[in-house]
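Please read the following briefing alongside the sequence and the model.

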Amino acid sequence: MCGRRVSSGDRMGEGIRSNRQGLDIEISHICLVIFPFFPYNKLMEGLCMGIYVNPDYKSFWKSVHSEIYVDKTGLISCMNRRINTEQNCICVSRPRRFGKSMALRMLAAYYSCGCDARELFTGLKIAEDETFEEYLNQYDVIYLNMQQFLIRARRQDVVEYLEQTVLEELREVYGELIPQRTTILSEALEKVYVKAGKEFIFLVDEWDCVMRERQESEGMQKQYLDFLRDLLKDQPYVALAYMTGILPVKKYGVHSALNMFLEYSMTDQKMFEEYTGFTEEEVKELCRRYDMDFEEVGRWYDGYVFRKQKHIYNPKSVVEAMLCGTCSNYWTSTETYDALKIYIDMDYDGLRPDIVQMLGGGRVKVNTRSFQNDMRNFRTKDDVLTLLIHLGYLAYDAETAEAFVPNKEILGEFENAMSTSGWPEVMRVLKASEQLLEDTLAGRADCVAAGLDRAHMEVASILTYNDENSLGAAIGLAYYSARKDYKLIRELPAGKEFADVVFLPLRHTDKPAMVIELKYDRDVNSALRQIKERQYTQALEGYAGEILLVGIRYDRGNKMKPHDCVIEHMVKEQA
C-alpha cells in the first residue's frame with residue numbers, strides 16, 4: 001500500500017511556499033522553499049485508492065505545488081487531538097473563497113491509508129508535531145462532497161444515490177464483511193467495525209448545500225439530516241468527523257438535528273481562527289515577496305476579526321491580487337452581487353437603517369442566536385444580518401456583538417447590489433461624494449454645508465433625521481469616494497473623548513487628514529473649539545502634516561434649516 005516520493009526539499013519555517021527554480025529564498029523569518037517538479041502519477045505507483053473511500057492526495061499535491069501555498073497544516077494537529085474523543089465531531093463553516101475544500105483535501109491526504117503522503121508533508125508545520133507519525137495515513141477515510149452528490153443524483157433521491165455510490169466502493173475494500181442485502185451505509189460500516197475493528201474518518205465538504213440549494217424542500221432537508229445523524233452520531237466506527245460548509249448546523253425550533261457537532265463559524269471560530277483565512281503576518285510576507293503595498297491589500301481584503309486574531313484576510317482574493325499584481329474585486333469571480341441584493345432588499349423593520357449605518361462606516365448590534373442556519377426562514381432583521389455574516393458580506397466582532405462591512409472589496413459588492421435595486425437615495429449620495437470631497441479640500445465651507453445637507457436629507461428617509469448616528473452615517477456615505485485615499489474612522493478614541501469622524505490619508509496620497517466634529521443646535525465654531533481644546537488631532541498617532549478641521553452643525557428640530565460648516569487648516573508636527 002505504501003509508495004515513496006522523492007524528497008521535497010529542506011524544512012520550511014512558518015508557512016509560504018513558492019514553486020520556482022529549485023532555490024531556497026529567505027524572506028524575514030519565513031523560509032520560502034522552492035520545489036522541483038515530481039510527476040504525480042510516478043509518485044502514486046502501486047497505491048490503492050478510491051474516489052470516496054480512501055482518496056489519494058492529488059488535489060492537495062496540486063495546492064502544495066502551486067505558486068502560492070500558505071502552510072495551514074497546523075490544523076491537522078488540532079484534529080489529531082480530537083480523534084476518538086468526545087469532541088471528535090467538528091463542523092467548520094466559512095464563506096466561499098476561504099479555503100474550506102483545501103482544508104478537507106489536506107486532511108484526506110494526511111489520514112487516508114490509500115496513499116503514502118509522508119514526503120508531501122515533509123517540511124510543513126505538521127511534520128514537526130509530536131503526533132505526526134502516529135496518525136499519518138493510518139485511517140480509512142470517507143470523503144463526501146455533497147455538492148457533487150446533489151448534482152449527480154438528479155431526479156434520484158440524493159441520500160439513496162450517495163449510499164449506493166459509496167457502498168459500491170466500500171465493498172471493493174471490505175466486500176466479504178458486508179452482506180449483499182445491506183443497502184444502508186451506516187449498517188455496512190457497523191459490520192466492518194464489528195468484524196474487522198476498522199474505524200473511519202469522515203470528511204464532508206459542502207455539507208449544507210442541500211439547505212442552500214433546496215431551500216423549499218424541507219422534507220429533503222430533514223431526510224438528509226437524519227442520514228447524517230444516523231451515520232455519525234454515537235457510532236463506534238467514527239474516529240473523527242469533520243464537516244465544512246457556509247452555514248452552521250441547521251436548527252429545527254430550538255434543537256439541532258446534529259447536536260453531536262462542535263460548531264465553529266464566522267461568529268466565533270474559537271481555536272480555528274488562524275486557519276479561517278490568511279493572517280496579518282502571512283499577508284505581510286506575501287506582499288514583500290510580490291512587491292505589493294501591504295496597506296492597500298489590507299484595505300481591500302482585511303477586516304474579518306475574531307477574539308485573538310484581529311486581522312483575517314480573504315485568502316482567495318489575496319492570492320489573486322498577488323498573482324495579478326493589482327488589488328481589485330475578485331469576489332465577483334465566484335459569486336455575483338445578485339446573491340447580496342436578495343437579502344438587503346428584504347423588508348424587515350430596521351434592516352435598511354442598519355445597512356446604511358454600516359455603509360457609512362458604522363457598526364450595528366446583531367443578535368446571532370435566533371438564526372435558524374438556513375437561507376429561507378427569517379423572522380427578524382438580525383436573522384438576515386447573521387446570514388450575511390456567514391456569507392462573508394459582513395464581519396462580526398464577537399466581543400461587542402457588532403457587525404460591519406469588512407473591506408473595500410465587500411463595500412463594492414454592496415454598491416453593485418444597490419445600483420440595480422431599491423436604494424436610489426443612497427446611490428444619489430454616493431454619486432455626489434466626489435464633488436463633496438473636492439469642495440472640502442478646497443475649503444468651500446458653504447458648498448460642503450449644502451452637500452451634507454442634501455446627503456442628510458436623502459438618507460433621512462431611511463434613518464432618523466435628528467439622531468446622532470444618522471448624521472455620522474450620512475457623512476460616511478457623503479464622503480464615500482474619499483475611501484480610495486483615506487481610511488474612515490468613526491468615533492476615533494481621543495483621550496477621554498471621541499472624535500466623531502476622522503479621515504486618515506493613506507500612504508499613497510498627499511491629501512491632508514480630516515477631523516470632523518458634529519454639533520447640534522449650537523454655534524458651529526464650538527465644534528472647532530472642541531477639536532482643539534480636547535486635542536483630537538493628537539489621536540492621529542504617527543501622522544504628521546496638514547489637517548483639515550471641519551465643524552458641522554445642524555438643527556435637530558428643523559429639517560428645513562440648512563447645515564452650517566466651518567473649515568480650518570492646521571499642521572501637526574512629527575512627535
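How are α20 and α21 oriented to each other, roughly parallel or roughly antiparallel? They are roughly antiparallel, a class given to angles over 145 degrees, whereas angles under 35 degrees count as roughly parallel. This is a predicted model, in which local features need pLDDT of at least 70 and side-chain atom pairs count only at pLDDT 80 or more, while totals for chains, interfaces and linings use all residues. Residues are numbered from 1 along each chain as its sequence is written, and side-chain values use heavy atoms, with hydrogens and water left out.

**Helices α20 and α21**

- Helix α20 (residues 433–441) packs against helix α21 (residues 445–459) at an angle of about 150°, and their axes, which are lines fitted to C-alpha atoms over the stretch in contact, lie 8 Å apart.
- The crossing of α20 and α21 is left-handed, meaning that the near helix is turned anticlockwise from the far one by less than a right angle.
- On the α20 side the contact (heavy atoms within 4.5 Å) is made by Leu 436, Asp 439 and Thr 440, and on the α21 side by Cys 447, Val 448, Gly 451 and Leu 452.
- Sorted by class, this contact of α20 with α21 has four nonpolar, two polar and one charged residues, with Ala, Val, Leu, Ile, Met, Phe, Trp, Tyr, Cys and Pro taken as nonpolar, Asp, Glu, Lys and Arg as charged, and the others, Gly among them, as polar.

**Helices α8 and α9**

- The axes of helix α8 (residues 158–174) and helix α9 (residues 185–196) cross at roughly 20° and come within 10 Å, and that makes α8 roughly parallel to α9.
- The crossing in which α8 passes α9 is left-handed.
- From α8, Leu 162, Glu 163, Val 166, Leu 167, Leu 170 and Tyr 174 meet Leu 185, Ser 186, Ala 188, Leu 189 and Val 192 of α9, a contact with nine nonpolar, one polar and one charged residues.

**The protein as a whole**

- The protein has 23 helices and 21 strands, which are DSSP runs (helices H or I, at least four residues; strands E, at least two) numbered from the N terminus.
- Of its 575 residues, 58% count as buried, that is, under 20% relative accessible area with a 1.4 Å probe and protein chains only.
- Among contacts between residues at least 6 apart in sequence, 69% join residues at least 24 apart.

**Helix α12**

- In helix α12 (residues 280–290), the buried residues are Glu 282, Val 283, Glu 285, Leu 286, Cys 287, Arg 289 and Tyr 290.

Key: Axes fitted to C-alpha atoms, helices over the stretch in contact; angles between N-to-C directions. Parallel < 35°, antiparallel > 145°, perpendicular 65-115°, else oblique. Buried < 20%, exposed > 50% of the residue type's maximum accessible area, 1.4 Å probe, protein only.
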